[in-house]
Amino acid sequence: MQRNTFGCTEEPSLIRVLIVDDEDLVRYGIKAICRATDALEVVGEASNGRDAIALAQALQPDVVLMDISMPMMDGVTATAQIRQSLPQTKVLILTAYENDEHLIEAMQQGAAGYVLKNTPPEDVLPIIQATQKGYLQIGPSLGQKLFQQLKPSAPKAFSVVAPEPPLGITPREREVLHLIVEGANNREIAQMLHITEKTVKNHVSSLLSRVGLRDRTQLALWQLQVGA
């Protein structure tokens, strides 16, 4: 239960989920996990990236659970188009492979996280809830691979942006940037830095504009690479 501005309790809103996977059994399993809790609502299913885009635009879900390898259109391409047309919709990539070569590419296209399909069912709800709130979700084994690929010695193919941080980032913006990497949302950053949430939003917008990126996920990846 949550309290509104008048002190009255109110039910938290359901997180609306779109499931995208080309395997019927996988979609059935994920749907069963989602429906086992009152906190999630499965609003639709798609078996390829092309249908995922159409359904996302029609249904405007809060979170899309997106497979990578699918016919007609892959999950990375679909993620890019969904994020472009629906910036408020979070896309959580699901993969069966720990060494998936599309990890960096998916994150660059705006994915809010990347987790394995063998994630324990009891972890699915908190992962989706964290994704919807704006937390970056990376499976433990995938996180190690991500950091390896973002090291300065990594191949240029994995570069997010220019290798050197731009001039002009203020100490306060650096604090905001580091908290974004840790997964904090605007409200939490405001509380930790004792500033208003509007000020945090202004700092985030300034950082995105300065480094030429689209969203917080890309900003976090950029900071991990260049160490701004």
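The structure is a predicted model, in which local features need pLDDT of at least 70 and side-chain atom pairs count only at pLDDT 80 or more, while totals for chains, interfaces and linings use all residues. Residues are numbered from 1 along each chain as its sequence is written, and side-chain values use heavy atoms, with hydrogens and water left out.

The protein has 10 helices and 8 strands; helices (H or I, at least four residues) and strands (E, at least two) are DSSP runs, numbered from the N terminus. Of its 228 residues, 46% are buried, where buried means under 20% relative accessible area, exposed means over 50%, and partly exposed lies in between (1.4 Å probe, protein chains only). Among contacts (heavy atoms within 4.5 Å) with a separation of 6 or more, 66% join residues 24 or more positions apart.

The interior may be considered next. In soluble globular proteins, nonpolar side chains tend to be buried together. A nonpolar core is here a set of buried Ala, Val, Leu, Ile, Met, Phe, Trp, Tyr and Cys residues joined through side-chain atoms within 4.5 Å. The largest such core has 23 residues, and Val20, Met66, Ile82, Ile93 and Tyr114 have the most contacts inside it. At least two residues of this core come from each of strand S3 (15-20), helix H2 (49-59), strand S5 (63-67), helix H3 (75-85), strand S6 (90-95) and helix H4 (103-108). Apart from it lies another core, of 18 residues, which includes Ile169, Ile189, Val200 and Ala220.

In H2, the buried residues are Gly49, Ala52, Ile53 and Ala56. Seen down the axis of H2, they fall within an arc of 100° and so line one face of the helix; the arc is that of the directions from the helix axis to the C-beta atoms. S3, strand S4 (40-46), S5 and H3 are among the elements that cover the buried residues of H2. In helix H7 (residues 171-181), Glu173, Val176, Leu177, Leu179 and Ile180 are buried. Their arc, seen down the axis of H7, is 165°, so these residues also line one face of their helix.

The pockets are described on a 1 Å grid over the protein atoms alone: a pocket is an open set of points where a 1.4 Å probe fits, with protein on both sides within 12 Å along at least five of seven lines, and lining residues have an atom within 4 Å of a point. Grid points are joined across faces, edges and corners, and a volume is the space filled by probe spheres set on the points. The largest pocket holds about 1,100 Å³ of space. Its lining comprises 35 residues, of which Lys90, Gln132, Lys133, Gly134 and Asn185 lie nearest its centre. H9 provides the largest share of this lining, 4 residues. By class, the lining has 13 nonpolar, 11 polar and 11 charged residues; Ala, Val, Leu, Ile, Met, Phe, Trp, Tyr, Cys and Pro count as nonpolar, Asp, Glu, Lys and Arg as charged, and the others, Gly among them, as polar.

The second largest pocket has a volume of about 240 Å³. It is lined by 16 residues, and Ile30, Leu94, Leu116, Lys117 and Val124 are the closest to its centre. H1 gives the most to this lining, with 5 residues. The lining of the second largest pocket has 13 nonpolar, 2 polar and 1 charged residues.

Several individual residues complete the picture. Gly134 lies in the loop between H5 and strand S8 (137-138) and is partly exposed, with a relative accessible area of 32%. The C-alpha atoms of Gly134 and Gly183 are separated by 7.3 Å, although the two residues are 49 residues apart along the chain. Gly183 follows H7 and has a positive phi, near 100°. Most residues other than glycine have a negative phi. Gln60, in the loop between H2 and S5, has a positive phi near 50°. His194, in the loop between H8 and H9, has a positive phi near 60° and is exposed, with a relative accessible area of 72%.
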